[in-house]
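The exercises below are to be worked through with the sequence and the coordinates open side by side.

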Amino acid sequence: MTMATTSQKVAGAKPAALRLSARRREAIAGYLFVLPDALGLLVFIGLPMILALGISVFEVDGFGNFKFVGLANYARMWSDALFWQSLKVTLVFAVLLVPLLYVAGLGLALLVQRNGRFNTVMRAMFFAPQMVSLVVVALVWQLMTVDKLGLLTRLLYSLGLGSVSLLGNPNFALFTVTGACVWFLMGFYMLIFLGGLQDIPKEYYEAARIDGAGRVQSFWYITLPLLRPTSFFVLLVSAVAAVAGAQAFDLVYVMTRGGPANSTALLITYIYQQAFQYSAFGYAAALATLLVIVLMAVTVVFFFLTRGGRFQYE
Amino acid sequence: MSKRPPILYTVRQANTVRIVWMLVTLVLAVMTIFPLLYMLAIAFKGPTEVFKSNLIPDRPTLDNFIYVLTEVPFWRYLLNTFFVSVVVTVIALFFHTMAGYALARLRFPGREAIFLAMFSTFLVSLPVIIVPLFILVRSMGLLNTYAGLIIPSIFNAFGIFLLRQYYLSLPRELEEAAVIDGAGYWRIYLSVILPLSRPIIAALAILFFLANWNAFLWPLTVAADPNLWVVQVAISNFKSQYAASWNYTMAASTIVALPMLTLFLIFQRQIMESIKTSGLK
Amino acid sequence: MTSDNNTPRGWSRRSVLKGATALGAAGVAGLPMIGKAFAQDNALSFWQFYAPGGDVKTQVDWFTTMVDAWNAANDTKVNLEYVVGSDYISGSKLATSFASGQGPDIFIISPGDFLRYYNGGVLADLTPHIEAAAQQDFPQSVIANRMVDGKIYGVPMEVEPMAFYYSVKAFEDAGLNENDVPKTWDELLELGNKLTTGERYGLMFETGPGYYQNFTWYPFMWQGGGEFQTAEGKSGFDSPAVVQALKLWQDAINSGAAPRQILGGGGGDIVANLGSGYCAMQNVGIWGISAMENNAPDVPYGIFKLPVPNGGKYVTVGGGWAFVANAKGKNPEAASRFIAWALASMAPDSIQRVVDWCTVAKSDMPPRDSALKQGGEAFNKGKMAVFSKDIHPGTRAEPRVPPEVYKIISDAIQATQLGGADPQATATAASQQLDAFLASYSGAPIL
């Protein structure tokens, strides 16, 4: 701690108030650096969040009438069949989406990580679904899956699977919608993995090659471990997005509105409908609070298992 | 280096492998982009043809593009969206790199708790908080202003989280060298951290810009004034009670996707600039 | 990069940060508010999805002319505020505004939404401003679902009955003509199957969940004499009429005559489906006439009224939006006067306005007897004549239900139509849910 000893040496020459230890200086710097975002998040998300969740103990009709009901909204959840249905749908959706997005994102990033014009074009093509608006995505998938005429429908028919209604059959709709989400989001995660892959020093690969490692071994022993912070990020973010609906909700809602027969009714869709179609803001808030609590628990577990996502770098 | 590397592949085998992978990539890319060809096709079709399943229009027309660009103040909406997206992206990158760096590298009491608290804001999506947020923004007098479009959009824990993870995996040696040289944290941030994070900043620039370019719900809620409309709100306007002018919608969406594509092509090169790490091993 | 350790670096760093943040905040917050002040303070805001930003010029003109006429003669001005259609109907804009205490002063609602607003206490009583003669001018079948306890809370602007449209070309290909339109449900299914080819479906009902799907299904229940609510306020859902109506829709899909997925904007989008040749017969409302005229003028089609089940009686459902005033708005009294003047006055300009909406701006049936008379020929020409002579008589108003009842019925339809559930079992289960809800319901009557 050279800095501490230096300041001790000239202790008598400076007023005590200005003598900040290195530790203190670092702490102050830390707080200041974090301040703008912390403030912004607190005001624009934290506050509304607390307010929104606080409504959950009231019955609010959205027209200015509210009544304190304690935990009645939570009790209502327990016997609400649609709530359980949406929970089940959300779980299946998340369990399918997260691994698929991870594999797709990482796989695509590995394919196009080398520089060159070819890969530049390929990257743009993989990212293209992200660049068009949701309403386009919804329409395009509608056209591809529509009964009898859709391209995918005809493909499945020619493969001998009969005439399957990909979005109109409650048994298949969720899978189709998941597929559409993977298609839509994979460019996003590809980009993140590309950033993470760039982070790995090339020397490691060269050293491994010299030692006789094959490509699979390089991947397994160098790439994956060094990608851990990025992987952690991708898994957690995609899990939260699948459940809390940051990216998925809009797409699913616009494609199916939760149908057919509630087979694609995610929990976030249910919350949205309770709030904006039924004006049951109190109940919607209770559902949202439950969601946040569950996600918080999942997050805490994730962080605990990975020592704060820091892995071997601390 | 006395040991000769074992020859795993001949040159020709290596080339074949590479070509195979390129083909695989190409096939996947074409499959990915194929559905979007429908969008292009409809953009050039007249209203009666829209739902026919042909990919090449029978009677291709530029009318849809002309309509979108002349009958509707689309240039205004493009400008609005561009302005908002650029400002949000720049400010957000600035704030988030600062926060990410501090959360990854600087030690201060309560750091992990602060990070978890910030991350927890990621767990609530917009539909849940939109009513209180609307009330808040309205009481700040920011309704129907560019500030109302911009400020709330800056703060999103996603970028902070990603940057923190990224900074965690940066080699410490460069910073430590700067600290030993007596540089203050601001200086370290500007001259060491920022340049090192070029790849991730480029990736985030694309993602932030995109998120704001295609944003719909918040702009729709906060800016009812048509002078402030962003492109997605304008595009949703082509949909009426029972039907939609899909040909206009697709033409508008094609127009809207182009700047995004350009931006992507420019920035993705930055992602690929690898960090020079010589001298650290 | 050596520097004196004892210089209080904190100050320069802090001040830079502070300055930057302050500058940033000032810069962003101080951005000029581009765009004129959106509404003057005491002007009434009128939210709808037609004008001034809508893309049908005749509709825009109708609204702006009406508002201009009012503003010229009155001190309290009315200001049109356009909300994008899809967001108005199924988005969060209205709910957000009301929830934050800033709902519009005047707006339009569909019958399906009436109870939600009424039970929330935001609909102003319009009756004092509507003259008795005008009140009689609206047939009960049209205005009953906007009334509570004999008081009027909404003034309908249109009536949109449902019917079937068929593709002339599809008929001709099968060797049929307009005399072969189905009159019974059995004929409908049979014809649907006959007209189904490898590229086309014979029949189409709405399959997407929503108020619209419920709306289009109700007449099939009514035709068999069914009601979802009995006179005593108990559930009537567990009845043969309901079961056969659910079964009809299920059979249409299972037999392969009707598709599960629909193109374009859904079952109400005739251009995307009938117009593109995706289906041969489509269950659509009166708006189909202007839709086809505008966007598929070269596709010949015909119209026939809803077929009936064996032993059933013809009835169809009529939708249509209504003007309402916000009881918690800035000036409900002026808002109510505006609505009464605009659509519910016996003055000739008011009646003409209704006629213009139904014949010029849109193709709809008028909600008032005097408008039907005054409109005369306009309602009897072309395809409109089919509606006024055949279909409109026998129109029943769209029911108004609280959201919970909507959902129970919607789930029943979805489960049978798309989920393959047994109609009787579904009807019974739904009926029990309905009873449970009705027992605890205490709002305005469900009609």
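**Exercise 1.** Locate Trp287(C) in this predicted model, decide whether Trp287(C) is buried or exposed, and describe its surroundings.

*Solution.* Begin with the secondary structure of chain C, where Trp287(C) is found in the loop between β9 (279-285) and α13 (288-295). Next, consider accessibility: the relative accessible area of Trp287(C) is 7%, and because a residue under 20% counts as buried, Trp287(C) is buried. Then list the contacts, leaving aside neighbours within four places in sequence: Trp287(C) touches Tyr242(B) from chain B, together with Glu160(C), Met162(C), Tyr165(C), Tyr212(C), Gly268(C) and Ser363(C). With Gly268(C) there is also a polar approach, in which the backbone oxygen of Gly268(C) lies 3.0 Å from a polar atom of the Trp287(C) side chain. Finally, as a check on distance, the C-alpha atoms of Trp287(C) and Thr216(C) are 14 Å apart in space, while the two residues are separated by 71 residues in sequence.

**Exercise 2.** Which residues touch the most other members of the largest nonpolar core, and which helix gives this core its largest share?

*Solution.* The core holds 357 residues, among which Phe74(B), Phe63(C), Trp217(C) and Phe323(C) touch the most other members. Its largest share, 17 residues, comes from helix α8 (residues 173-198) of chain A, and in chain C the core draws at least three residues from each of domain 1 and domain 2.

**Exercise 3.** Describe how the two domains of chain C meet.

*Solution.* First set the bounds, which are 44-159 + 320-393 for domain 1 and 160-318 + 401-440 for domain 2. The C-alpha centres of these domains of chain C lie 27 Å apart, and 19 residues of domain 1 are in contact with 22 residues of domain 2. The area buried between them is about 1,600 Å², to which carbon and sulfur atoms give 64%. Of the area that domain 1 buries against domain 2, Lys383(C), Phe387(C) and Ile391(C) supply 35%, more than any other three residues.

**Exercise 4.** Where in chain A is confidence lowest, and where is it highest?

*Solution.* Start from the average pLDDT of chain A, which is 85, with 91% of the residues scoring at least 70. Confidence is lowest in helix α1 (residues 2-9), at a mean of 45, and highest in helix α4 (residues 81-111), at 94. Over residues 1-12 of chain A the pLDDT is below 50, and this stretch has six contacts in the model beyond near neighbours in sequence. Where pLDDT is low, the predicted coordinates should not be read in detail.

Note on methods: Residues are numbered from 1 along each chain as its sequence is written. Chains are lettered from A and ligands numbered from 1 in the order in which they are written. This is a predicted model: local features need pLDDT of at least 70, side-chain atom pairs count only at pLDDT 80 or more; totals for chains, interfaces and linings use all residues. Side-chain values use heavy atoms; hydrogens and water are left out. pLDDT is the predictor's confidence in each residue, from 0 to 100. Helices (H or I, at least four residues) and strands (E, at least two) are DSSP runs, numbered from the N terminus. Contact means heavy atoms within 4.5 Å. Buried means under 20% relative accessible area, exposed over 50%, partly exposed in between (1.4 Å probe, protein chains only). A polar contact is a pair of N or O atoms within 3.5 Å; within protein, one must be able to donate a hydrogen and the other to accept it, and residues adjacent in sequence count only if both atoms are side-chain atoms. A nonpolar core is a set of buried Ala, Val, Leu, Ile, Met, Phe, Trp, Tyr and Cys residues joined through side-chain atoms within 4.5 Å. Domain bounds come from an automatic or database domain assignment. Buried area is the accessible area (1.4 Å probe) that two parts lose on being put together, summed over both.
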